[in-house]
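Reader: Before I plan anything around this protein, I would like to go through the model with you, one question at a time.

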Amino acid sequence: MAEIKVEADPVEFGFSPERLSRFDDYFDGYVADGRLPGWAALVSRDDKVVHVAHRGFRHVEDALPVDADTIWRLASLTKPIVSVAAMMLYERGAFDLHDPVAKFIPAFGESRVYRNGPIHAPNTDPLTDPMRIWHLLTHTSGLTVGFWQAHPVEVMYAQSGYVWDAPPGVDLAGACEAWAGFPLLFQPGTAWNYGVSVDVLGRVLEVITGKTIDRVLADLVLDPLGMTETGFWVDEADTHRVVPLYAPNPEGGRAVRNDQLSVLPTSRPTFLSAGGGLFTTLSDYHRFTRMLVNGGELDGTRLIGSRTLRFMGRNHLPGNADLAAVGRRVMFGQPTYDGLGFGLGFQTVVDQARTKLLISPDEISWYSGYTTVFSVDPVERTSAIFFSSFAPVKTYPIYSRFRQLVNQALVD
């Protein structure tokens with residue numbers, strides 16, 4: 001069973017217990033009125049857990065409570081793990097950030113960019129510059145996803161079966177071949193768009209290592225960090241620990257189970273989503289965020305260099321722009337994207353004041369469409385995690401409240 005508990009007096013580590021209780025009080029309200037089924041949260045500083053909370057139910061229908069043993073769908077919080085694995089290989093000289101993606105997946109050498117026209121006969125332009133590895137890490141590749149269907153290219157994805165993941169029987173290699181055949185939304189490196197960039201990055205890692213992405217992540221990140229509860233499927237005996245995905249009932253807004261998106265793999269799936277396929281526990285993911293706080297090292301094991309990690313945490317968007325300026329699809333329910341940038345796998349801060357969020361200027365973070373979020377501040381030496389299982393997350397201001405309620409409690 002996973003174990004996570006308070007390890008230190010929050011006062012000794014600069015947190016006010018009374019102010020930390022505001023975090024619980026606020027999110028307790030979501031459970032009390034049924035907007036969220038349940039949630040779990042953790043705050044730590046200097047490698048010591050100062051606050052842990054579990055609320056509500058992992059299975060509302062069976063009244064099974066959220067506890068330390070609960071398994072969560074990471075969704076897009078898979079992406080930072082894959083990005084760290086990629087940069088670990090970069091440190092070994094396996095690739096250059098300017099390398100064309102086509103060097104590893106030749107089909108992307110034929111990519112074109114959508115200009116206009118109908119879905120069945122789009123007008124496209126040739127690439128002015130190849131799609132490169134750094135475009136995958138920064139979501140500036142021009143790739144997208146099928147579930148929005150707000151753009152002709154996204155409809156192409158959906159009509160081919162690429163809505164949430166891949167059609168039955170298609171693996172990551174096959175999915176990348178299909179994605180390479182769709183037009184890009186824009187010239188690589190010119191804008192930001194939430195899409196399958198990190199899935200393609202995962203395939204690049206497979207080609208480089210000769211291993212499937214589950215083995216790549218296990219060898220580079222999960223096993224060295226002791227993340228024994230993290231993987232792309234859940235054993236049959238542990239399915240009762242997994243939180244299904246919930247959605248708002250149109251009548252009244254209470255969270256109800258979304259069976260379509262709660263399908264649970266109990267053996268190795270054909271399609272391993274490097275962009276969103278991992279399951280984990282609160283304690284396991286905390287080992288990952290602790291490593292980030294510690295500059296790439298945990299319990300005497302160094303995964304990645306401290307300078308590499310700082311480089312990943314810089315804004316890499318074109319022209320040092322923020323997401324408000326270059327973001328095509330930014331889906332995560334923030335009240336604003338002014339002042340927020342993106343690095344090599346993490347959201348970053350370009351201008352603290354312009355964000356209008358109580359946020360550290362050094363924070364790296366990421367979120368998912370399933371209401372999972374983490375933030376790490378390498379200067380304040382803090383990490384915070386909030387897990388629930390609800391979509392669409394933009395229904396409520398969860399991610400902005402998460403930040404302000406954690407940071408207002410830090411009083412040293």
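Predicted model: local features only at pLDDT ≥ 70, side-chain atom pairs only at ≥ 80, totals over all residues.

Reader: How many bridges join S1 to S2, and which residue of S2 is the bridge partner of Ala-41?

Author: Strand S1 covers residues 38-45 and strand S2 covers residues 48-59, and the two run antiparallel with eight bridges between them. Within this pairing, the residue of S2 that partners Ala-41 is Ala-53.

Reader: Are the residues of S1 buried or exposed, on each of the ways they point?

Author: In a regular strand the side chains alternate between the two faces of the sheet. In S1, Gly-38, Ala-40, Leu-42 and Ser-44 point one way, while Trp-39, Ala-41, Val-43 and Arg-45 point the other way. Because eight of the eight residues of S1 are buried, the strand is largely enclosed by the rest of the structure. For both sets, then, the answer is buried.

Reader: What is the volume of the second largest cavity, and which element gives the most to its lining?

Author: The space in this cavity comes to about 30 Å³, and its lining includes Ser-44, Arg-45 and Asp-46 as well as Thr-382 and Ser-383. S1, helix H8 (282-293) and S18 are the elements that give two or more residues to that lining. By class the lining has one nonpolar, four polar and five charged residues. The element that gives the most, with three residues, is H8.

Reader: Which elements each supply at least two residues to the lining of the largest cavity?

Author: The largest cavity holds about 80 Å³ of space, and its lining divides into two nonpolar, five polar and three charged residues. Among the lining residues are Ser-375, Asp-377, Thr-382, Ser-383, Arg-403 and Asn-407. The elements that each supply at least two are S17, S18 and H12.

Reader: What is the volume of the largest pocket, and which residues are the closest to its centre?

Author: The largest pocket has a volume of about 1300 Å³. It is lined by 48 residues, which divide into 30 nonpolar, 13 polar and five charged. The closest to its centre are Trp-164, Asp-165, Leu-261, Gly-276 and Tyr-370.

Reader: Which residues is Leu-220 in contact with, leaving aside its neighbours within four places in sequence?

Author: Leu-220 lies in helix H7 (residues 213-225) and is buried, because its relative accessible area of 8% is under 20%. Its C-alpha atom is separated by 9.8 Å from that of Ile-304, a residue 84 positions away along the chain. The contacts of Leu-220 are Ala-85, Met-88, Leu-89, Arg-92 and Leu-303.

Reader: Finally, what is the radius of gyration of the protein, and what would a compact globule with 412 residues have?

Author: The protein comes to 12 helices and 18 strands, and 59% of its residues count as buried. Residues 24 or more positions apart account for 70% of the contacts with a separation of 6 or more. A compact globule with 412 residues would have a radius of gyration near 22 Å, so there is agreement with the protein's own value, which is 20 Å.

Conventions:
Residues numbered from 1 in each chain as written. Heavy atoms only, no water. 1 Å grid on protein atoms, 1.4 Å probe; cavity = no way out; pocket = protein on both sides within 12 Å on 5 of 7 lines; lining within 4 Å. Points joined across faces, edges and corners; volume = space filled by probe spheres on them. Nonpolar A, V, L, I, M, F, W, Y, C, P; charged D, E, K, R; others polar. Buried < 20%, exposed > 50% of the residue type's maximum accessible area, 1.4 Å probe, protein only. Helix = DSSP H or I, 4+ residues; strand = E, 2+ residues; numbered from the N terminus. Pairing = 2+ DSSP bridges. Rg over C-alpha atoms; globule rule 2.2 N^0.38 Å. Contact = heavy atoms within 4.5 Å.
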